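Me: I have a structure open and want to learn how to read it. Can we go feature by feature?

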Amino acid sequence: MRILLLCSSFNGLTQRAWLELRRAGHDVSVELAISERVMVEAAELVKPDLVICPFLKERVPEALWRGHRTVIIHPGPPGDRGPSSLDWAIAEGERAWGVTALQAVEEMDAGPIWGWRTFPMPSEPPRKSALYNGPVADAAVELVAEVAGKAADPLFAPAPLDYRSPEVTGRLRRPMRHADREFSWEQPAEEIVRLVRAADGAPGGRARLCGLPVRVFDVHRGPDLAGAPGAVAARREGAVLVHTGQGTVWVGHLRLEAGAEPGSQAGSQVSGVKLPATMVLGERLAGVGERAGYSEITYERGEEVGVVSFDFYNGAMSTDQCRRLAAALRYAAAQDTRVLVVRGGEVFSNGIHLNVIEAARHPELEAWMNINAINAVCREIVACTSQLVVTSIAGNAGAGGVMMGLGADRVIVREPVVLNPHYRTMGLFGSEFWTYVLPRRVGAQAAAELTGRALPVGAAEAVELGLADRVAGGSRQEFERRVVDFAHRLAQDSSYEALLAARRQAREADERRKPLDAYRAEELAEMSRDMFDDRNGFREARRAFVGKARAQATPPHLAGHRELSGASGPGVAVASHM
């Protein structure tokens with residue numbers, strides 16, 4: 001089928017739908033929903049058999065849903081209606097949730113039902129973004145494939161929404177308002193965690209901290225300590241420990257409300273930018289000491305396998321985080337284990353920390369320090385010859401985060417993972433030794449195509465290309481266990497010594513042919529022109545990303561992949577209000 005993806009942004013869910021449909025043999029085009037006119041014209045231009053919008057915040061134009069069957073992928077069970085479905089599901093502690101495919105009609109979310117999926121909610125309140133990118137996205141991708149199949153069946157007819165049906169368990173919920181997201185530090189820690197996570201990653205919980213009006217993100221239960229609610233008890237690795245009415249919470253990130261005076265020594269761009277909590281609060285934390293109990297990086301050592309785990313919020317890696325991770329890898333590589341597993345978190349890595357860069361007094365200098373710091377991380381992985389190295393990629397990765405993972409001997413990715421092995425959309429040449437590790441794995445021609453096309457790669461395709469060695473399914477926890485089991489088998493393999501010797505010989509031969517320092521110098525020479533001379537629009541692209549600026553047009557690298565040959569028959573549109 002000829003399918004048009006119509007979306008508010010080419011986000012992770014849309015990328016998964018794009019990959020799934022292409023892999024199923026469909027011709028897939030992409031158009032951003034810039035305006036009603038653009039949406040209608042896109043369908044007229046492409047003449048699709050099916051239009052799918054896995055992520056659409058805008059209302060589907062009447063001209064579109066009247067001219068094409070339009071199916072909404074809604075992040076709630078049958079009968080659920082409203083734009084704040086996931087927020088309410090987390091805030092109200094729903095035990096189960098779902099995703100529904102329903103046909104668009106004049107009344108929002110009230111059309112006939114094409115299909116649905118349900119799933120149990122985690123026992124611990126999830127971050128909204130984690131719920132969306134995990135169980136919701138899994139269910140949505142399944143439904144997109146199901147809708148495509150049903151759309152091709154002339155005998156299929158969706159079932160009218162009937163609240164008398166036992167399968168229709170949802171209800172109309174009003175939009176969450178600012179007041180719904182406000183909390184007091186007098187509340188118990190458990191309540192605060194649930195409320196904030198229902199608004200994380202956006203728009204965040206609302207509170208005052210150290211006298212500043214802030215949005216609160218990235219919260220975790222802390223120890224039971226006595227103290228005045230709202231007082232900061234400790235700090236660690238960018239986070240602060242805050243007393244509540246009952247217990248404490250670690251707050252990893254804050255966003256200063258627009259117009260408020262920053263409490264830090266960062267640049268004027270701090271206001272309105274989501275940043276590590278200590279960066280926002282700055283000198284207001286004078287006298288606050290460090291305390292253990294919160295760590296973005298851990299090391300677990302077994303007899304034969306060591307595991308360095310890191311879980312950075314949204315996969316962004318600041319200069320400080322990179323330096324800490326490089327030190328952890330250096331320590332782990334010096335141990336007498338046989339295999340080192342490098343394990344990412346909910347998001348594996350998206351490379352340098354654009355928010356921290358944008359908020360710095362001198363953004364270009366901070367970007368330069370950041371790229372050098374992440375290069376040091378990559379070098380620890382590439383240059384480790386005392387152990388075999390396995391990267392465990394359970395979450396999506398982009399740009400330098402992909403290249404960081406490619407330095408290992410074995411790269412294992414989880415089945416739903418999407419990789420974006422390119423830098424071009426951010427106006428950067430890239431570093432992280434990509435000119436060494438990427439061609440080494442996929443060849444020079446494929447490396448040029450991957451970085452030039454700037455399109456996502458799914459897990460199965462990553463193995464076919466050579467980007468990854470294995471794909472494993474299951475939940476994140478199941479996947480991580482499987483990777484560690486693989487590492488143990490590798491450590492006990494009869495050919496282990498030969499494999500390690502081959503790694504050393506290959507690294508020595510590569511170093512003689514062209515030292516890692518030469519790759520680094522060449523990449524940084526290009527990056528200096530991108531960062532300091534801004535030859536490819538890095539400054540504007542960075543600000544648009546940090547400020548979540550609305551796109552003004554479909555990017556050429558996406559629009560260029562439209563299939564424009566004619567098609568006959570009525571079109572079908574599938575949309576989403578996620």
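Me: Among contacts between residues at least 6 apart in sequence, what share join residues at least 24 apart?

Reply: A contact means heavy atoms within 4.5 Å. In this protein, 73% of those contacts join residues at least 24 apart. Keep in mind that this is a predicted model, where local features need pLDDT of at least 70, side-chain atom pairs count only at pLDDT 80 or more, and totals for chains, interfaces and linings use all residues. Residues are numbered from 1 along each chain as its sequence is written, and side-chain values use heavy atoms, with hydrogens and water left out.

Me: How many helices and strands are there?

Reply: Helices (H or I, at least four residues) and strands (E, at least two) are DSSP runs, numbered from the N terminus. The protein has 20 helices and 22 strands.

Me: What does the radius of gyration say about the protein?

Reply: The radius is taken over C-alpha atoms, and the globule rule is 2.2 Å times the number of residues to the power 0.38. For 578 residues, a compact globule would come out near 25 Å; the protein has 24 Å, which agrees. Its C-alpha atoms fill a box of roughly 65 × 60 × 50 Å along the principal axes.

Me: What percentage of the residues is buried?

Reply: Buried means under 20% relative accessible area, exposed over 50%, partly exposed in between (1.4 Å probe, protein chains only). Here buried residues make up 57% of the 578.

Me: Where does Y294 lie, and which residues does it touch?

Reply: Y294 sits in the loop between α8 (277-281) and β13 (297-301). Its relative accessible area is 10%, so Y294 is buried. Leaving out residues up to four places away in sequence, Y294 touches D218, H220, R236, E237, A239, W250 and G252. A152 is another matter: Y294 and A152 are 142 residues apart in sequence and 52 Å apart in space, C-alpha to C-alpha.

Me: Which residues of helix α19 are buried?

Reply: In α19 (residues 538-546) they are F538, R542 and V546. Seen down the axis, these buried residues fall within an arc of 60°, so they line one face of the helix. That arc is of the directions from the helix axis to the C-beta atoms. The cover over the buried residues of α19 includes α10 (354-359), α11 (363-382) and α18 (516-531). Just after α19, K548 takes a positive phi of about 50°.

Me: Which other residues have a positive phi without being glycine?

Reply: Two to look up are D109 and N314. D109 has a positive phi of about 60° and lies in the loop between β5 (96-103) and β6 (113-120). N314 also has a positive phi of about 60°, in the loop between β14 (305-310) and α9 (319-333).

Me: Is each one buried or partly exposed?

Reply: D109 counts as buried, at 7% relative accessibility. N314 is partly exposed, with a relative accessible area of 37%.

Me: Which residues does a cis peptide bond join?

Reply: D200 and G201 are joined by a cis peptide bond, with omega about 10°. The bond from A202 to P203 is cis too, with omega near 5°. G201 is found in the loop between α7 (189-197) and β7 (205-209). P203 lies in the loop between α7 and β7 as well.
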